[in-house]
Amino acid sequence: MSLTKIWHKFLFGMLISLILSLGAVSLVVYREISQNITRKTYSRLEVIRNLKKQQVESYFKELRDQTELMSSSKSFVNGFIECKEAFQDISESPNFDTETFVHYKKHRDSIYFEKVKSYYGNKSLSLDLASKDLANNKEALIIQNSLWDDNFPILACTKRYRNVKGELSVRTQRIAHKIGFHDVILVDSKTGYIIYTNNQHSEIGANVKESPYNNTSIRKAFDAVREFKEPKTFIVDFESYPPANNEQSAFIACPMIKDNINVGILVAEIGIEELDDILTFNRDWGNQEMGKTGEVYLVGTDMYMRSQSRFFIEDKDSLLKTIAQNHPIPKKEFNQLENSKSSVKIIKIDSEASKRAIAGKTGVVKAHDYRGATILGAYSPLKLNNVHWGIVSKMDQSEAFSEIAELRYFLIITYLIVLLASAFIAIVIAKQIARPIQQLSRHAKELSAGNFNTNITLVGTNEIGELASSFRIMQNTIVGLIDNLTETNKTLSAKSKDIFDSISYAQQIQENIFPSKDMVNSYVPDSFVFFQPKDIVSGDFYWAAERNKELYLGVCDSTGHGIPGAFMSLLNVSFLNEALMNEKIEQPGDILEKVRSLLKSVFQQERQDGMDGILIRYNPKTSMLSYAASNNAPILIRDGSYRIFEYDKIPVGHSSKTERFKTYTLEIQPGDMLYLITDGFPDQFGGSLNKKYKYRPFYEFLLSISHLPTEEQKELVKSEFLTWQNGNEQVDDVMVLGIRF
């Protein structure tokens with residue numbers, strides 16, 4: 001083999017090794033960082049989605065609560081009744097002759113047109129078109145002329161109405177402004193007449209059952225609640241509304257009840273401004289980690305927007321141009337979008353994220369948006385009473401991956417520079433070490449193949465000889481290290497196996513003391529247990545026994561977790577069995593008192609060892625349930641609301657408190673949902689702010705899933721816990737037991 005050939009092969013080998021190794025390292029680095037950026041982007045979008053979802057749902061809940069509160073106010077209902085009686089004076093007044101009717105109508109139409117024109121400018125409707133959206137019944141003409149023009153002759157039949165309406169307006173305007181309603185409209189539930197509007201819009205005096213309102217959203221609100229016998233809200237989705245110059249408006253309707261009679265309907269108009277502030281971060285996307293293309297929007301079941309598009313707000317002309325080029329829509333819809341002040345129910349978002357959100361799913365996806373751009377989106381459904389919407393937080397993929405593009409450019413430049421420099425160095429070194437390298441290469445191949453017993457021959461006294469000597473020293477060192485590591489690994493593996501086997505056996509022992517599922521199901525067949533130990537074994541446990549054809553069931557939290565907690569659990573289970581089976585104690589409070597006494601006798605020193613928990617006694621024949629509770633409370637959900645029962649604030653163990661545990665009783669009704677929990681779930685840190693979940697949000701979460709099958713409830717409890725935990729360390733054992741009677 002010639003020297004030239006060896007040099008060529010050596011140089012070629014080094015260059016190939018450099019290219020492959022640098023390429024592999026660059027690819028791994030690029031892939032890992034890209035995946036990390038993608039995960040980070042999705043995670044940020046999910047956090048924003050969850051935050052805005054909570055804010056929107058809370059906003060609508062507040063609107064519903066305030067509407068029901070307003071409708072239930074006796075003074076407000078009485079004020080409405082007075083206004084309705086005054087309105088009757090106008091209805092019973094003599095009818096107009098033709099000339100007077102024409103005069104009233106013409107005067108009213110001209111005033112309304114000027115009001116519309118002053119508000120909407122050149123984009124307002126014409127006089128003829130505007131007047132088509134006005135009611136022409138006698139009551140509407142009288143009231144609208146009277147309220148809109150102070151110089152218009154005041155008829156005697158309007159005097160009482162003006163006074164009563166003025167008194168009602170003082171109270172209504174204050175409440176409407178505080179809540180954020182565009183308008184508050186009061187309708188006679190019997191006749192359909194609009195008795196009152198807070199802002200004196202063109203509906204006042206009209207009848208929702210007659211033209212031009214018989215096919216509008218306010219008629220839908222009227223029909224939805226007119227038969228209700230209690231203050232209960234109904235939401236009407238955004239629709240084009242004539243009194244708002246055909247802009248989009250939504251309504252919340254609620255009946256006003258007096259003496260169990262539906263006397264009127266409160267219809268509150270909702271605009272897009274408040275939702276706009278929530279979803280657009282008060283139009284401050286840049287400071288909310290949304291970049292230049294990030295936005296959050298709502299979508300309805302018809303796949304049209306229910307909120308403002310960021311791009312519609314920031315640069316409407318550019319959005320129209322982009323849609324025309326990349327995502328064409330029908331000309332009629334395009335013209336509506338061009339002439340509208342809002343993108344609500346104008347822009348259709350037939351994207352994968354929107355479809356999944358409307359289908360009730362939650363997750364992330366890469367898809368196309370209404371501009372034709374590829375986006376990363378986080379989607380979820382919204383819980384808004386009777387209205388079904390979805391929410392999507394998204395960002396253009398190009399912006400989300402801009403850091404990846406910069407990284408790719410940097411790696412390519414770095415790769416080329418390192419490759420060229422290495423090639424130059426390889427040429428220089430190859431010429432110097434070509435001759436003796438063959439022999440050393442053979443030994444290197446032996447070492448790389450795992451043959452550390454090969455005999456490395458020293459070659460020369462120059463640097464190559466020193467290199468060969470270093471190879472030999474390295475060989476001996478590696479052999480020694482491998483021998484040591486092999487022995488150490490065997491020792492560690494044996495010890496690790498012993499420890500793991502011991503803990504696993506302890507887990508089997510602890511699982512074996514848990515009650516039989518068949519026994520529990522024979523009393524409460526519709527139930528679930530969510531058990532999530534912090535470690536392999538747990539301080540939390542649930543216990544059950546039967547005596548005299550009654551079920552005794554407990555969910556308890558022993559002191560500590562892991563192995564110490566498991567020991568305490570075994571001791572506590574033993575004492576519970578002792579109290580019930582051997583001592584024949586029947587009342588739950590007396591059983592806990594007996595367990596406390598046994599724990600005190602075991603722990604002579606006043607150690608804070610013992611347990612907290614809930615113990616119930618259930619008789620399926622009488623549907624009576626008695627219980628005792630230590631530092632925790634049972635939760636009962638009945639008829640759509642939850643109740644937290646009494647409990648004793650003393651531990652089962654040593655305590656400075658001397659009072660005895662009480663036994664409480666209650667009667668169970670079919671359909672009741674009872675939950676017994678430990679403190680692990682409410683005390684778990686997580687969420688976007690890394691805080692405790694806390695008890696009240698947990699109770700509300702249980703209320704929201706209580707109507708579902710118990711097995712589905714268990715999965716949702718697990719999902720909620722893992723989602724909230726969000727990668728944080730579990731702080732304690734978790735147990736949730738649910739029973740449907």
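# Salt bridges, sheets and cores in a predicted model

The count of salt bridges comes to 29, where a salt bridge is a side-chain nitrogen of Lys or Arg within 4 Å of a carboxyl oxygen of Asp or Glu. The structure is a predicted model, in which local features need pLDDT of at least 70 and side-chain atom pairs count only at pLDDT 80 or more, while totals for chains, interfaces and linings use all residues. Residues are numbered from 1 along each chain as its sequence is written, and side-chain values use heavy atoms, with hydrogens and water left out.

**Salt bridges**

- Lys-61 forms a salt bridge with Asp-65, and the closest N and O atoms of this pair are 2.9 Å apart; both residues lie in helix H1 (residues 3-72), four residues apart, which is about one turn of the helix. Helices (H or I, at least four residues) and strands (E, at least two) are DSSP runs, numbered from the N terminus.
- Lys-61 counts as partly exposed at 45% relative accessibility, and Asp-65 is also partly exposed, with a relative accessible area of 33%. In these terms, buried means under 20% relative accessible area, exposed means over 50%, and partly exposed lies in between (1.4 Å probe, protein chains only).
- Asp-302 forms a salt bridge with Lys-345, with the closest N and O atoms 3.9 Å apart. Asp-302 lies in the loop between strand E6 (295-300) and helix H9 (310-314), and Lys-345 lies in the loop between helix H11 (331-339) and helix H12 (352-358), so the pair ties together parts that are 43 residues apart in sequence.
- The side chains of Asp-683 and Lys-692 meet in a salt bridge at 4.0 Å, N to O; Asp-683 is partly exposed at 22% relative accessibility, and Lys-692 is partly exposed at 37%.

**Asp-396 and its network**

- Glu-295, Asp-369, Arg-371, Lys-394 and Asp-396 are linked in a network of salt bridges.
- Asp-396 lies in strand E9 (residues 389-396) and is buried, with a relative accessible area of 7%.
- The side chain of Asp-396 makes a polar contact with the side chain of Arg-371 at 2.3 Å. A polar contact is a pair of N or O atoms within 3.5 Å; within protein, one must be able to donate a hydrogen and the other to accept it, and residues adjacent in sequence count only if both atoms are side-chain atoms.
- By contrast, Asn-582, in helix H18 (residues 562-582), is exposed, with a relative accessible area of 54%, and its side chain makes a polar contact with the side chain of Glu-578 at 2.6 Å.

**Two open sheets**

- Strand E1 (residues 183-188) pairs with E2 over three bridges in the antiparallel sense, and Val-187 stands opposite Ile-194 in E2.
- Five bridges join strand E19 (residues 673-677) to strand E22 (residues 734-740), and Leu-674 stands opposite Ile-739 in E22.

**Nonpolar cores**

- The largest nonpolar core has 62 residues, of which Val-56, Phe-60, Leu-186 and Trp-389 touch the most other members. A nonpolar core is a set of buried Ala, Val, Leu, Ile, Met, Phe, Trp, Tyr and Cys residues joined through side-chain atoms within 4.5 Å.
- Helix H2 (residues 74-91) gives the most to this core, with eight residues.
- A second, separate core of 51 residues includes Tyr-552, Met-568, Ile-585 and Val-595.

Note on methods
Pairing = 2+ DSSP bridges.
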